[in-house]
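Student: Could you walk me through this model, one question at a time?
Tutor: Happy to; let's look at it together.

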Amino acid sequence: MERRPHLPGLLALSLLALPLLAAMNQDPAGHDADETPLMLQMQVLKSGMKGLRRSLRDPQQNDASLEVVLEMQAASQLAKVEPPQMAAQVPEAERPAFVAAYRMEMVETQKVLLDLELALLASDSENAQAIYQRLKALEEEGHEHFTVE
Ligand code: HEM
């Protein structure tokens, strides 16, 4: 006898699999992968960089730039103590060193954000724009080392 797929059964099975698929996309604390505490702070960094790209070119907007820099400092302070999702894929023995290296790079980011604050307070737009490029480099390097894909 020819066996045909049992459609209602297949449907029920795939519905049962949904929570499993959702769980696979969560961190150990049960956050969705794109809504982990770290991701939320990264979004703050992202919109900050977007704003600064324009505002740093205009010394009239220094106060606005300073406000954004403070938000980014706060975000990086919160982000540095959140382990990256990639840590779960690193062998257990290497994990503490991986997490420490991530944190060191976030601390470096904090230092650069403080330099940016100093440059803005000194109304040194040229230096502020150069420091922005250092942040871009840290972003690239950080993502290369500490994110998957
Ligand atoms: C100003 C600089 C930065 C910006 C604008 C930024 C922005 C972002 C954005 C938008 C995401 C989410 C990507 C996505 O939706 O796929 C992200 C993720 C991530 N970023 Fe950054 N980032 C910056 C610096 C860094 C640095 C310096 C590090 C490492 C020290 C880092 C580590 C990570 C990690 C680990 C994730 C994945 C989040 C997780 O594992 O939960 N980022 N970042």
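Tutor: Helices (H or I, at least four residues) and strands (E, at least two) are DSSP runs, numbered from the N terminus. This is a predicted model, where local features need pLDDT of at least 70, side-chain atom pairs count only at pLDDT 80 or more, and totals for chains, interfaces and linings use all residues. Residues are numbered from 1 along each chain as its sequence is written.

Student: How many helices and strands does the protein chain have?
Tutor: Reading from the N terminus, the elements run α-α-α-α-α. The count for the protein chain is zero strands and five helices.

Student: Are α2 and α3 roughly parallel or roughly antiparallel to each other?
Tutor: Axes are lines fitted to C-alpha atoms, for helices over the stretch in contact, with angles from 0 to 180 degrees between N-to-C directions. The axes of α2 (residues 37-55) and α3 (residues 62-79) come within 9 Å and cross at roughly 160°. Angles under 35 degrees count as roughly parallel, over 145 as roughly antiparallel, 65 to 115 as roughly perpendicular and the rest as oblique. The two helices, α2 and α3, are therefore roughly antiparallel.
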